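Morning, everyone. Please take a look at this one with me.

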Amino acid sequence: MKYPIKLKNILFILFGSAIFSFGIVHFNMANNLAEGGFTGITLILYFLFSIDPSYSNLALNIPLFFVGWRLLGKNAFIYTVIGTVAVSVFLFIFQRFTFVTIDLKEDMTLAALFAGVFIGVGLGIIFRFGGTTGGVDIIARLGHKFLGWSMGKTMFIFDFVVIAISLVYLDYKEAMYTLVAVFIGARVIDFMQEGAYAGKAVMIFSDKNTEIAADIIKELDRGATILNGKGSFTGNIREVLYCVIAKNEIVRIKQVIERVDPHAFVTVNDVHEVIGEGFTLDADKNPIGR
């Protein structure tokens, strides 16, 4: 099944590219911080040879487009080209038109944190809407196809090599702050990828699951599923109640369980993303907030 190119995706990829580029110019370049991937290579060329990253980014990625377009698929290829070109355009703009003057030379901790946050948010948005900024993503796909390497392994090795080469212009403090920025950026990307609709999954082991489920529906307006389980020690068959709720409802469901069956065995787990009725869809199966 083929999915059409969406204007919404393009707009968010452009938005993410702007945030990413702003972070590179105002935090990485302004404070002598490195970065992984092809962005890191453009920064090496900038700090050593004063080559504008907006030009080197395109110069490095265009050859890869011809190599990797078959691997990406039509939609991913188009979104990747848009993301890559947009990053170069915004890098060009932010270097020549200073909208915000930020001097964090005396507080490199803040510089590293903001670099990580802006890069993480920007890339997180780009990835979430089907785009990439080219570079390592294409190389990782090639490595997976021809060498059998996992994409994660290829990207890690590439990033490690680029940051190691960056030591030619970094002092040890800047190198340490770079690692902080890269770590923060990776965590922010993960957060953006997990989605806004996070929640809690509750599993309830009780002899009164039917009553608990009825009260959950009545008081929390949440559905629940009764599963069949088997005790590994006793071999007895018993029902397990499974329910996914919003994070702010955890106290209320605990109160319901405590009132109906104080001896119930309950486990609570984080759910990184929830899709469906009550979270992203309303009762009529229509998207919430659209």
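What share of the protein chain's contacts with a separation of 6 or more comes from residues 24 or more positions apart? The figure is 74%, with contact meaning heavy atoms within 4.5 Å.

A word on sources. This is a predicted model, where local features need pLDDT of at least 70 and side-chain atom pairs pLDDT 80 or more, while totals for chains, interfaces and linings use all residues. Numbering runs from 1 along each chain as its sequence is written, and side-chain values use heavy atoms, without hydrogens and water.

Now the layout. The protein chain has ten helices and four strands; these are DSSP runs, H or I of at least four residues for helices and E of at least two for strands, numbered from the N terminus. Of its 290 residues, 41% are buried, that is, under 20% relative accessible area with a 1.4 Å probe, protein chains only.

Next, one residue. Asp52 sits in the loop between α2 (37-49) and α3 (53-72). Why is Asp52 classed as buried? Because its relative accessibility is 12%. Its side chain makes a polar contact of 2.7 Å with that of Ser54. Such a contact pairs N or O atoms within 3.5 Å; within protein, one must be able to donate a hydrogen and the other to accept it, and residues adjacent in sequence count only through side-chain atoms on both sides. Beyond neighbours within four places in sequence, Asp52 is in contact with Gln95 and Arg96.

Methods: Buried < 20%, exposed > 50% of the residue type's maximum accessible area, 1.4 Å probe, protein only.
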